[in-house]
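Here is a short briefing for someone meeting this structure for the first time. Look over the sequence and the model, then read on.

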Amino acid sequence: MKFLAITLITDSPDPVTGGLRPTRERFREVVAAALRAEELGFDGFGVGERHERPFLSSSPPVVLGHIAALTRRIRLFTAVTTLSLLDPVRAYEDYATLDHLSDGRLELMIGKGYGTAQRELFQVSPEDQWDRNAESYELFRRIWREDKVSAQPRFRPALSGAEVLPRPYQRTLRVWHGSATSRESVDLAARYGDPLFSANVTHPIGPYAELIRHYRERWEHYGHDPARAVVGAGTAGFHAARTSQQAVAAYRPAFARYLAFHEQLGTAPVFPTLEDFVERSSALIGSPQQVIEKVHRYHEAFGHTALHLQAEAGGLAEADHRASLELFQSDIAPVLRRAIPDPAFPDPALPDPALPDL
């Protein structure tokens with residue numbers, strides 16, 4: 001199993017002072033989290049993309065480009081790139097540049113994204129966002145692979161023998177499709193033989209397990225080898241300590257932040273108490289053995305071989321969060337790596353005759 005640390009760069013009040021931290025400071029915290037993830041042995045670091053409050057993650061390639069200059073080993077992810085909102089030509093230019101600057105450490109997660117404010121900002125309607133996502137990905141994929149591209153897309157101007165520069169460092173880029181509830185995203189991933197990353201953060205396990213089953217069904221429908229399907233999954237929260245009592249007690253401020261976020265949105269939390277959150281959500285909160293057992297329970301339903309954890313403290317004391325990540329790498333990750341084999345990371349993208357012609 002491989003492990004990613006991910007941030008959405010939320011702009012939330014400080015859990016101690018109640019005030020917002022300066023934006024410059026928030027970005028410095030994100031960079032520090034990436035350096036810590038590499039130091040501790042995580043396989044990847046991901047930055048989300050959002051274009052509305054309370055997030056500051058509107059420009060993942062810029063943030064990841066800075067992180068690329070300060071790291072040497074860790075792979076760099078987006079989580080997710082909202083291709084339904086972006087010009088795929090411009091997105092290609094940004095990420096091909098980042099691919100070179102990181103010496104080929106880039107991997108993308110793509111998705112439609114969500115949120116009314118960001119959709120309105122880019123003038124994307126609910127009716128066409130899925131079509132935009134599919135068209136943008138198909139064109140992005142072609143540009144990455146072909147030196148010159150001609151196309152008649154619906155949502156951007158036509159291309160006629162267009163040469164888009166720079167050409168990428170990795171001729172075949174590994175692209176994950178991020179999905180929470182969408183069969184459209186799942187079908188797109190299966191069609192192109194791409195890995196799926198299930199959000200797995202908002203609800204109990206059932207809807208996510210059903211979506212992953214559908215992905216594997218569509219994967220076989222499109223003629224791909226079932227053994228080559230790759231799935232990743234998120235977690236709703238994480239904190240490990242030597243005992244479950246210590247872990248739960250330390251996590252209470254982070255859960256209070258979760259409740260406050262729902263109150264701010266005017267929505268009822270899916271998990272109204274910390275005890276319910278620990279039991280029924282995908283959160284990994286407990287002793288090392290409890291965390292390992294819960295990952296195995298989810299693996300039985302998902303068959304996933306990649307997992308993401310929250311890169312930042314998110315309401316926890318910073319010292320507690322670092323100690324928890326250290327405990328994860330010393331007592332949890334080695335056990336899961338041995339027990340759950342993962343395909344080559346990054347995937348060498350061996351030829352697959354079932355892939356659609358572009």
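The notes below go through a helix, a loop residue, ring contacts and salt bridges.

This is a predicted model, in which local features need pLDDT of at least 70, side-chain atom pairs count only at pLDDT 80 or more, and totals for chains, interfaces and linings use all residues. Residues are numbered from 1 along each chain as its sequence is written, and side-chain values use heavy atoms, with hydrogens and water left out.

**Helix 5**

- Helix 5 covers residues 129-145. Helices (H or I, at least four residues) and strands (E, at least two) are DSSP runs, numbered from the N terminus.
- Its 17 residues should span 24 Å at 1.5 Å a residue, and the end C-alpha atoms are 24 Å apart, which agrees. The expected span is 1.5 Å times one less than the number of residues.
- Helix 5 is mostly covered, with 12 of its 17 residues buried. Buried means under 20% relative accessible area, exposed over 50%, and partly exposed in between (1.4 Å probe, protein chains only).
- Among the buried residues of helix 5 are Arg132, Tyr137, Phe140 and Trp144.

**Ser57**

- Ser57 lies in the loop between strand 2 (44-47) and helix 2 (60-70).
- Ser57 is buried, because its relative accessible area is 1%.
- Leaving aside neighbours within four places in sequence, Ser57 is in contact (heavy atoms within 4.5 Å) with Leu8, Ile9, Gly48, Glu49 and Arg50.
- The C-alpha atoms of Ser57 and Thr267 are separated by 23 Å, and these residues are 210 residues apart along the chain.

**Aromatic rings**

- The structure holds 15 aromatic pairs. Rings of Phe, Tyr and Trp (its six-membered ring) pair if their centres lie within 6.5 Å; planes under 30 degrees apart count as stacked, over 60 as edge-to-face and the rest as tilted.
- Tyr137 and Tyr192 are edge-to-face, because their ring planes lie at 85°, with the centres 5.6 Å apart.
- This pair links distant parts of the chain, 55 residues apart: Tyr137 is in helix 5, and Tyr192 is in the loop between helix 6 (183-191) and strand 9 (196-198).
- Tyr137 counts as buried at 1% relative accessibility. Tyr192 is buried too, with a relative accessible area of 1%.
- Tyr251, Phe255, Tyr258, Phe271 and Phe277 form one aromatic cluster.

**Charges over rings**

- The charged end of Arg50 sits over the ring of Phe55, 5.5 Å from its centre. The test is that NZ of Lys or CZ of Arg is within 6 Å of the ring centre and within 35 degrees of the ring normal.
- The charged end of Lys112 sits over the ring of Trp130, 5.0 Å from its centre.

**Salt bridges**

- The whole structure has 26 salt bridges. Each is a side-chain nitrogen of Lys or Arg within 4 Å of a carboxyl oxygen of Asp or Glu.
- Arg218 and Asp187 meet in a salt bridge (2.7 Å, N to O). Arg218 lies in helix 7 (residues 205-221) and Asp187 in helix 6, so the pair ties together parts 31 residues apart in sequence.
- Glu210 forms a salt bridge with Arg213, with the closest N and O atoms 2.9 Å apart. Being 3 residues apart in helix 7, Glu210 and Arg213 are separated by about one helical turn.
- Arg21 and Glu29 also meet in a salt bridge (3.2 Å, N to O). Arg21 is buried at 17% relative accessible area, whereas Glu29 is partly exposed at 25%.
- Arg21, Arg26, Glu29 and Glu312 are linked in a network of salt bridges.
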